[in-house]
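The following note collects points for a colleague who is reviewing the coordinates. Each numbered paragraph takes up one topic.

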Amino acid sequence: MTWTIAQAMAYIQSLKAAGMKPGLARMERALALLNNPQKRLRTVHIAGTNGKGSTGRMIQSILTAAGYRTGRFDSPPVMGLRQTLTLDGEAISAERFAALTQRMAALQEKMGKAGGLTEFELVTAMALLWFAEEKTDICVLECGMGGRDDATNVVGPPLTAVLTPVALDHMAVLGKTVEEIASVKCGILKPPCGVVTSPSQSPAALGVLLERAAALG
C-alpha cells in the first residue's frame, strides 16, 4: 500500500524519541544500501551559527537564475518538513515525499533497530536520494548542527564550503569556546574546494578557519 503524506509525517515524527546519535556510520551504511546517491552530487556545503538558511536560499536562487538545476536541503523546518527539500525553489511534492519516506522506512528494517537512522539522518538521506534521482546540477546542503559529524557531511569534497558567522551554540556538543565550535564546523572543508566566509566572521572563528584552510591547501 502506498503511504499518504500523513503516514510519512507520522513515521518521521516517531523517530524523534531516539534523539541525536553521534557519528556518520549509520548514514554511510544507509547510503551504501541506496547505491551511494551522494557520490553522484556536486554540492555547496554550508556550516555556521547564524544566517545559514538565508545564505542557502540566496545561493540556490543565484544558481537557478544562472540555469543550473539546483537542489537545497536546509534545517530546521521553519516552514514545514517538506519545505526543507526544494528543487529550484519549489518544495518536493507531498506524493514524492511520502514515497521516499516509505522507501526509507523499508531501509530501516534492513538496518535493524541498533543501526537505524535518527529523524535528521533519515530526512538527510532522503534529500540526497531525491537530488540524485532528479539529476540535479548542484545541491546546496545546510548542516543541521556542527559540521564534522553532521549527517550532511557524508558528501565528498564540495565545490565550495561556506562558513557563516560562528558563535556560541550547542555548547554541550560542539565545545565551550568559539574556537572549539569553529573547529568542528570547519569539518566540512575537504580539499579541493573553495572556501567562503562572512566579512562579519569573528576574529576567533576566522583564525581557526584560515589555519584549517591553509593546512588543507
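**Notes on the predicted model**

1. The pair Arg148 and Asp149. Arg148 is partly exposed, because its relative accessibility is 41%. The structure is a predicted model. Asp149 is likewise classed as partly exposed, with a relative accessibility of 45%. Between Asp149 and Arg148 there is a salt bridge, in which the closest N and O atoms are 3.6 Å apart.

2. Asp150. This residue belongs to the loop between β5 and β6. Asp150 is buried but takes part in no salt bridge. The nearest side chain of opposite charge is that of Lys52, at 6.8 Å, whereas a salt bridge requires the nitrogen and the carboxyl oxygen to be within 4 Å. Once neighbours within four places in sequence are set aside, the contacts of Asp150 are Leu24, Phe120, Cys143, Gly144 and Met145.

3. Side chains of opposite charge can pair when their charged atoms come close. Over the whole structure, 9 salt bridges are found. One of them joins Arg96 and Glu133, with an N to O distance of 3.0 Å. Since Arg96 is in helix α4 and Glu133 in helix α5, this pair ties together parts that are 37 residues apart in sequence. Glu133 also forms a salt bridge with Arg103, again with 3.0 Å between the closest N and O atoms. This second pair links distant parts of the chain, with Glu133 in helix α5 and Arg103 in helix α4, 30 residues apart.

4. Which residues are linked in a network of salt bridges? The members are Arg69, Arg96, Arg103, Glu133 and Glu134. Arg96 is partly exposed at a relative accessible area of 25%; Glu133 is partly exposed at 30%; and Arg103 is partly exposed at 40%.

5. The sheet. Strands of a sheet pair through backbone hydrogen bonds, either parallel or antiparallel. In this model, 7 strands make up an open sheet with mixed pairing, ordered β4-β3-β2-β5-β1-β6-β7. Strand β7 pairs with β6 (residues 160-163) in the parallel sense over 4 bridges, and Leu163 stands opposite Thr197 in β7.

6. Strand β5. Is this strand enclosed or open to the outside? Strand β5 (residues 138-142) is largely enclosed by the rest of the structure, because 5 of its 5 residues are buried. Ile138, Val140 and Glu142 point one way, while Cys139 and Leu141 point the other way. Strand β1 (residues 43-47) pairs with β5 in the parallel sense over 4 bridges, with Thr43 opposite Cys139. Strand β2 (residues 70-73) also pairs with β5 in the parallel sense over 4 bridges, and the bridge partner of Phe73 is Leu141.

7. Helix α1. The buried residues in helix α1 (residues 5-14) include Ala8, Tyr11 and Ile12. These residues lie on the same side of α1, because they cover an arc of only 95 degrees around the axis. Their cover includes α4 (94-111) and α5 (119-133).

8. Aromatic pairs. The whole structure contains 3 aromatic pairs. One of them, Trp130 with Phe131, is tilted, with 5.6 Å from centre to centre and 35 degrees between the planes. Trp130 is buried at 5% relative accessibility, and Phe131 is buried at 0% relative accessible area.

Definitions and conventions: Residues are numbered from 1 along each chain as its sequence is written. This is a predicted model: local features need pLDDT of at least 70, side-chain atom pairs count only at pLDDT 80 or more; totals for chains, interfaces and linings use all residues. Side-chain values use heavy atoms; hydrogens and water are left out. Buried means under 20% relative accessible area, exposed over 50%, partly exposed in between (1.4 Å probe, protein chains only). Helices (H or I, at least four residues) and strands (E, at least two) are DSSP runs, numbered from the N terminus. Two strands pair if DSSP finds at least two bridges between them. Rings of Phe, Tyr and Trp (its six-membered ring) pair if their centres lie within 6.5 Å; planes under 30 degrees apart count as stacked, over 60 as edge-to-face and the rest as tilted. The arc is that of the directions from the helix axis to the C-beta atoms. Contact means heavy atoms within 4.5 Å. Lys and Arg count as positive and Asp and Glu as negative; His and the chain ends are not counted.
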